[in-house]
Amino acid sequence: MEEAFTISITTAGAAGTGAGAGASSSSSASSSASVITVVNMDPRIWRHLPQGMVDRVLAFLPPDAFFRARAVCKRWYSLVFSDSFLELHLRLAPALPCFVFFLLPSTTASSSAPSDASSAAIAAASSSSSRPPPPPALLLDPVADSWHRIPLDAVIPPGFSPAASSHGVLCFISDDAGSKTLVLCNLLSKLAAHLPPSPTPRLFPTVGLAVGPSSICTVLAGDDMISPFAVKNLTAECFHADGVTGFYSPWATGSALPRLCSFEPGRMAYAASAGRFYGMSCGPFGVLSYDVASNAWEKIQPPMRRFLRSPSIAECGGGRVVLVAAVEKSKLSVPRSVRVWSLQPCGRAWSELDRMPHDVHSRFCDAEAGRGFECVGHGDFLVITMRASHDVLLFHVRRKEWRWAPPCPFLRGPGGVIGTLRGFAYVPRLATPCMALLDSSSFMPPVGFDG
Amino acid sequence: MGKTIKLISGDGEMFEVEEAVAFQSNIIKSLADEDNADDCIPLPRVDSQILSKVLEFCRKHANSPSVHTKFAAIPSELCPKHDGSAAGASSSESSSAHSETCRACYDAVMKLVQWDLEFVKVDLDLIHHLLKAANYLDIEDLMFMAVEGAANAIRGNNPEEIRKLFDLENDFTPEEEKEILKEYSWLDDPFEP
């Protein structure tokens, strides 16, 4: 097989190798369509590629292609456990700013905890040891406009719900009232690590998570159970571990919340440049900001405070904090709108970034029907999901473009049960070295949760 | 035209290019720094076809920020809109802050990324040669793009096709292979809630 052959340089993607990379017939590419003849070359040249370079190519594969490639041979299968490959992957793999969604049953749309009915169902099923597997996480790549499924299988123990995310790590929180256990998970490598239980008993606290290559910082705020039947928003606790400085503070840092705040149970957004977590408080609406370094909370007044409906705080690339809310004035002359405001560098004032254009807004109103919506940000994108709807709306922050995501092929069509999608910022990462900071004994295979 | 460098490919063809273009290659840069009387650098391991493609890439990247290694840190001097008049101190922090908010920088970077993706949407064989050339000549951006191009080209392939391409032996037993494919069957199966 060592005859001369032709390399043709085209802009339409590889011909003979079955590549399916969605090549577009672009007319603006400057690569020439010339045909070049090269003599005496061995077509079986990929075998001569140095192993390090093959690994680099593998590190670049998107998650689904990577997992398919694991079936090629034993060496490739085991790469996921190889520290050197994981380090390469951490360094090289393009950080795809994605979102991962969990489908909450429609009965629990009003809180982040599963209803008694579904907990009972799970308990009943586990007692008969034929527990149905949890529904998979749904990954949305906003750039490629594609959906992927990530099975949860045995990664998450029952009795936990998704609470927060940071880079490639997802945080789940125990559902039961009382001292809360957080579990950090890497969905791709299927590793889970438990944090020590938090001291203060809470009901549905708000969770914030910020991880780095060798650090974990998580904040648990609100819903202090001052008695078995009463909650008040009094305190927050912070778990902070840093592998580089050796700092380890397991829930030792407590802080008092500002008076008269009432967290919407949910997640907080983290702005790395400011070193702060941001969350939404209601009745009246306020934005709560927690400064990790000084362990202090402050309240920021949102724009148009008395006319907001369903506000949420999100963080976009570059540490930009945004507030997304519906604006509804009682005066009929002011049309309803959904607006995006950006927090100014001073940390107190807001400026309007954009608002939904008319056609997007009218489809949004039909889908949302006043039930409420949430917003989460990642990189250049904001994603809006609506209660009891499977529609997902995307907003590109720099280009100020609104568009609907393609319908998720993994969700049942109309006629089936419509749940609520709760989204989290996610980067598919094989390597999340920060999880090694937690006690290695916590890396246990999840067993039935006897609560 | 600024100072030029002469390069000789493995098959004897001479390419004369500007320094800024050639110095994208760290190897060429270090070879040129040595006292070379006639500024002619031989590159025996790169033939003319590949070298011309490599130089096409280098020409495009000569006066652009290195998008793939440090995406956000675009110095404001390179901003097409501001044209050299830096808004403030050109520390790396203000550079990344500049590119975060400057629409012109963002668009320029996006355009370059698009051009790069088109550049590597070529035959796998050519990508292989570009990879080896980028490695040999130590051109970081081209290496980055060639790897991405290779990954994009093979991402649709099934394991057997990949084995054929990389000439790898399937050392799984049929049972093991069945287990693995079952483990990842969720990649292809529709969701049954």
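Within chain B, confidence is lowest in helix H4 (residues 92-101), at a mean of 49, and highest in helix H3 of chain B, at 92. Two stretches of chain B stay under 50: residues 69-76, for which the model has 19 contacts beyond four places in sequence, and residues 82-97, for which it has 14 such contacts; a contact here means heavy atoms within 4.5 Å. Where pLDDT is low, the predicted coordinates should not be read in detail. For the complex, the predictor gives an ipTM of 0.71 and a pTM of 0.70.

Because the model is predicted, local features need pLDDT of at least 70 and side-chain atom pairs count only at pLDDT 80 or more, whereas totals for chains, interfaces and linings use all residues. Residues are numbered from 1 along each chain as its sequence is written, chains are lettered from A and ligands numbered from 1 in the order in which they are written, and side-chain values use heavy atoms, with hydrogens and water left out.

The secondary structure was assigned from DSSP runs numbered from the N terminus, with helices (H or I) of at least four residues and strands (E) of at least two. On this basis chain A has 6 helices and 28 strands, while chain B has 9 helices and 3 strands, and the elements of chain B follow one another from the N terminus as β-β-α-α-β-α-α-α-α-α-α-α.

Two helices of chain B, H3 (residues 48-61) and H6 (residues 124-137), pack at an angle of about 75 degrees with their axes 10 Å apart; the axes are lines fitted to C-alpha atoms, for helices over the stretch in contact, and angles run from 0 to 180 degrees between N-to-C directions. H3(B) and H6(B) are therefore roughly perpendicular to each other, a term that covers 65 to 115 degrees, whereas angles under 35 count as roughly parallel, over 145 as roughly antiparallel and the rest as oblique. Ile50(B), Lys53(B) and Val54(B) of H3(B) make the contact with Leu126(B), His129(B), Leu130(B), Ala133(B) and Leu137(B) of H6(B).

Helix H7 of chain B (residues 140-154) has 15 residues, of which 14 are buried.

In chain A, Asp64(A) lies in helix H2 (residues 63-69) and is buried, with a relative accessible area of 19%; its C-alpha atom is separated by 7.8 Å from that of His148(A), 84 residues away along the chain. Pro357(A), by contrast, is found in the loop between strand E23 (350-355) and helix H6 (358-368) of chain A, and at 33% relative accessibility counts as partly exposed. Pro357(A) and Ser337(A), 20 residues apart in sequence, are 8.6 Å apart in space from C-alpha to C-alpha.

Notes
pLDDT = per-residue confidence, 0-100. Buried < 20%, exposed > 50% of the residue type's maximum accessible area, 1.4 Å probe, protein only.
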